[in-house]
Amino acid sequence: MKKLNQSRRTSKSPLNFLKNLLLSHWRSLLLMFMGVYLPLQVVEILAVQIWENEGGFSWDIPILQAIYSTANPQLDTIAVWLTQLGGFWTVLPVLSAIAVILWKRRRWRTLAYVFTTVLGNFLINRTAKEFMRRVRPQLWVSKAPEFDYAFPSGHAMTSMTLVVIFVILTWHRPWRWLVITVGSLYVLVIGWTRLYLGVHFPSDIIAGWMVALAWAVGVSLIMKPNLHRMNSANSRVEPETHLLPEEKQLLEK
């Protein structure tokens, strides 16, 4: 009996509870560290350096010049066309179609995640641009000029947000790696077009990617859009309005 009581006390000790909590949530903690904390650290470093030194980074202009050295009329046409695929108003119809599908399937939590992520992406980008007020590069006459501020890149944020949403929504599907591969290529191509057209510094692109990644992943950790699970016992999909076990425990306390 003494051993049993001692075992119960040990299992209820703060250190043991903390250990079990960390072990049960290590995947979420790792995702938070890799997908939220590290990207935000990169953004902080970039923002502070740009704020303190208006000239930006020493590697910004050499990278732009190296990319522009490959310019030709054919690439100009391709870049102007491709860069439109990363614009907010071009991506919006795709996201709207996803929202309609989620609405028809009554996946309210996932729909709320998509809406919150997209709206937050837009507001964060506009706010950050007005706060940083970084002027766009003036190295050559762009084939697709922009007239607002540069940091962070809206196209980089929009393309990354779209890809992260797709990856999160398809994470439990067998073809998720295809989504990751195609999505990564898409993000890189959009980033290249912004540099080739001379409307962004490389640091604008990196900051846009990191902000969008941190926001989309952070919101997913809070809202948990992939709650739908196939019940192996009766092969039915549980509604997304069901509470998580930890949510039920909080309500019962």
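Among contacts in the protein (heavy atoms within 4.5 Å) between residues at least 6 apart in sequence, 76% join residues at least 24 apart. The model is predicted: local features need pLDDT of at least 70, side-chain atom pairs count only at pLDDT 80 or more, and totals for chains, interfaces and linings use all residues. Residues are numbered from 1 along each chain as its sequence is written, and side-chain values use heavy atoms, with hydrogens and water left out.

**Whole chain.** Colour by secondary structure. The protein has 11 helices and 0 strands; these are DSSP runs, helices being H or I of at least four residues and strands E of at least two, numbered from the N terminus. Of the 253 residues, 40% count as buried, meaning under 20% relative accessible area, with exposed over 50% and partly exposed in between (1.4 Å probe, protein chains only).

**The main core.** Select Leu-95, Tyr-113, Val-114, Val-164, Ile-165, Tyr-186 and Trp-209. These have the most contacts inside the largest nonpolar core, which has 44 residues. A nonpolar core is a set of buried Ala, Val, Leu, Ile, Met, Phe, Trp, Tyr and Cys residues joined through side-chain atoms within 4.5 Å. Elements giving two or more residues to this core include α3 (26-52), α4 (60-68) and α10 (202-223). Helix α8 gives the most, with 10 residues. A separate core of 7 residues includes Leu-46, Ile-50, Phe-57 and Phe-151.

**Helices α6 and α8.** Next select residues 88-104 and 154-169. The axes of α6 and α8 come within 10 Å and cross at roughly 20°; axes are lines fitted to C-alpha atoms, for helices over the stretch in contact, and angles run from 0 to 180 degrees between N-to-C directions. The angle makes α6 roughly parallel to α8 (under 35 degrees; over 145 is roughly antiparallel, 65 to 115 roughly perpendicular and the rest oblique). On the α6 side, the contact is made by Phe-88, Val-91, Val-94, Leu-95 and Ile-98, and on the α8 side by Thr-158, Leu-162, Ile-165, Phe-166 and Leu-169.

Leaving aside neighbours within four places in sequence, Leu-95 is in contact with Val-118, Leu-162 and Ile-165.

**Leu-139.** Last, go to the loop between α7 (108-132) and α8, where Leu-139 lies. Not counting residues up to four places away in sequence, Leu-139 touches Ile-61, Leu-64 and Gln-65. To finish, select Tyr-68: Leu-139 and Tyr-68 are 71 residues apart in sequence and 9.7 Å apart in space, C-alpha to C-alpha.
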